[in-house]
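This briefing goes with the sequence and the 3D structure shown below. Please keep both in view while reading the points that follow.

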Amino acid sequence: MRWSRVVNVVKCHVGGEINNVVTGGIGDVPGATVFEKMKHFRDNQDDLRQLLLHEPRGAVTHCVNYIVPATDPQAQLGYVIAESTEYPAMSGSNTMCVATALLETGMIPMVEPVTDIVLEAPAGLIRIRCTCENGKVTGVEFENQPAFAYAVEVPLELDGYGTLTVDVAWGGMAYVLADAEALGLKLVPDEARDLCELGQRLKTAAAEQIPAQHPTNPEFAGITQTEFVGPLSRHEGVLTARNAVVVSPGRLDRSPCGTGTSARLAVLKAKGLIEVGETFVHESVIGSRFTSRIDRLTSVGDYEAVVPRVTGQAYITELSQVGLDPADPFPTGYTLSDNWPTGH
Ligand SMILES: O=C(O)[C@H]1NCC[C@@H]1O
C-alpha cells in the first residue's frame, strides 16, 4: 500500500446524523483563532474536505470535524467543522460527536459521572458537560454561543406559494424558519425529498429578501439553512415539537439539529412562547430527540439573545483510516446529482 495522505477518522452519529471526527493526520494549521484556522482549511485545504465528504469515500449526508489545537487558553482543544457546502461557525450535532469521540478515545480524560470540557469552535468557546458511565458518554450538553432572531413573522415571496410568513434566526448558523403546517407538511420521512426541494428554494429566496448579517462577526455566513417547524405541544407538561432542517445542497439533517434548535429557542423566546429554564424537546423527522433550554438571556449587538443549552447522545460507529493512493483518479472525489443535488 502507498498513500500520499492518511487521516484517522472516528466515525460517529448523533440522532442518526453522521458527523465524523478526524483525530489524527492533520496536525496544526495557521490561524490566531479557530475561526482563522477554519478559513485556512476553507481557502487552502478544501481538497481534504472533498476527499472525506465526496464519493467514493463520503456522502452528502456526512459532515467531518478536524481536531486542532485551541488558540484560547480556556479551551482544551479546537475543532473545525466541514459540511457538504460550507464550513459553519458552529454545529450542534458535530459538537456532540466531537466531545464523544475525544472522551471515548482518551484524547481528553473522562471523569465519571460528569466531565466538563471547553472546546473552541470557529464561533468561539463552547462549554460542554458530558455525563459518563462505564467509559461511555451518555449525554453531551453544550452551551451554545448566543442565539437571536434577526426577524420575526416577516413576509417572504416564493414562486408558486405567494407570500409566506417566516422567521429568521441565528443559532450558530443562520436559519429561515417556516411553519410546516401552513405548507401542508407533517415532517414525516416520506416527505424528505419534497422538504429538501422546497427548503432549498426557501433559503435562496430568504437570503435574497431578508437581511441577516451577524452584528459582531460580519464574516459569519448569512442564511444557509431552512428549518421547517412543526406545531408545539406538551407531552406530560414538557414543551415538544418536531422539525426538519434542510442542509445544503439539499438533504435533511437526520438529527434534531443543535444550531436549528438554538435558533428556534431564540424565536420561541421572541414570540413569548417559552420561559428561561423551561425544557424544550426537539424531534427530528426520524424521531430522534434533543433536549434543550434557554439558560439565560443576553444580547448580541442590538439584538436580544438567548444562551441555549442543548443535549443529545452520540455513538462511535467505526474507527478508520482514510487514505489517498497518489494514482487514484478521484483525489477530491466526485458528486453526482442522483444524490448530491446541484443547481442551488
Ligand atoms: O446540529 C447542527 O447544528 C447541524 N447538524 C448538521 C447540520 C448542522 O450543522
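What percentage of the 344 residues in the protein do buried residues make up? In this predicted model, buried residues make up 47% of the 344.

**Overall fold**

- The protein contains five helices and 18 strands, and its radius of gyration of 19 Å is close to the 20 Å that the globule rule gives for 344 residues, so it is as compact as a globular protein of that length.
- Taken along the principal axes, the box that the C-alpha atoms fill is roughly 55 × 45 × 35 Å.
- Among the contacts with a separation of 6 or more, 66% are between residues 24 or more positions apart.

- The chain is divided into domain 1, which covers 5-143 + 316-324, and domain 2, which covers 147-311, and the C-alpha centres of the two domains lie 23 Å apart.
- The contact between them takes 23 residues from domain 1 and 27 residues from domain 2.
- On the side of domain 1 that touches domain 2, the elements giving two or more residues are α3 and β7 (136-143), with β7 supplying the largest share, five residues.

**The largest nonpolar core**

- In soluble globular proteins, nonpolar side chains tend to be buried together.
- Here the largest nonpolar core has 94 residues, and those with the most contacts inside it are Val-80, Ala-99, Ala-169 and Ala-266.
- Helix α3 (residues 92-104) gives the most to this core, with seven residues, while domain 1 and domain 2 each provide at least three residues to it.
- Leaving aside neighbours within four places in sequence, Val-80 is in contact with a set of residues that includes Val-34, Met-38, Phe-41, Tyr-66, Val-68 and Tyr-87, and also Lys-37, Asn-65 and Pro-122.

- Helix α3 has 13 residues and reaches 18 Å from its first C-alpha to its last, close to the 18 Å expected at 1.5 Å a residue.
- Why is α3 described as largely enclosed by the rest of the structure? The reason is that 13 of the 13 residues of α3 are buried, a state that requires 20 or more other C-beta atoms within 10 Å of a residue's own.
- After α3 comes Gly-106, whose phi is positive, near 80°.
- Helix α4 (residues 192-209) has 18 residues and reaches 25 Å from its first C-alpha to its last, close to the 26 Å expected at 1.5 Å a residue.
- The buried residues of α4 include Leu-195, Cys-196, Leu-198, Leu-202, Ala-205 and Ala-206, together with Gly-199, Gln-200 and Lys-203, and among the elements that cover the buried residues of this helix are β8 (147-158), β9 (162-170), β10 (174-179), β11 (223-229) and β13 (238-247).

**Hairpins around strand β16**

- Strand β15 (residues 280-283) runs antiparallel to strand β16 (residues 289-300), and four bridges join them, with Glu-283 opposite Arg-289 in β16.
- The hairpin of β15 and β16 has five residues between the strands, and in this hairpin Gly-287 takes a positive phi near 90°.
- Strand β16 also runs antiparallel to strand β17 (residues 303-312), to which nine bridges join it, and Thr-298 stands opposite Ala-305 in β17.
- The hairpin that β16 and β17 form has two residues between them, and Gly-301 in the turn has a positive phi of about 55°.

Definitions and conventions
Residues are numbered from 1 along each chain as its sequence is written. This is a predicted model: local features need pLDDT of at least 70, side-chain atom pairs count only at pLDDT 80 or more; totals for chains, interfaces and linings use all residues. Two strands pair if DSSP finds at least two bridges between them. A nonpolar core is a set of buried Ala, Val, Leu, Ile, Met, Phe, Trp, Tyr and Cys residues joined through C-beta atoms within 7 Å. A residue is buried if 20 or more other C-beta atoms lie within 10 Å of its own, exposed if 12 or fewer, and partly exposed in between; C-beta atoms are placed from the backbone. Domain bounds come from an automatic or database domain assignment. Two residues are in contact if their C-beta atoms, placed from the backbone, lie within 7 Å. The expected span of a helix is 1.5 Å times one less than its number of residues. The radius of gyration is taken over C-alpha atoms; the globule rule is 2.2 Å times the number of residues to the power 0.38.
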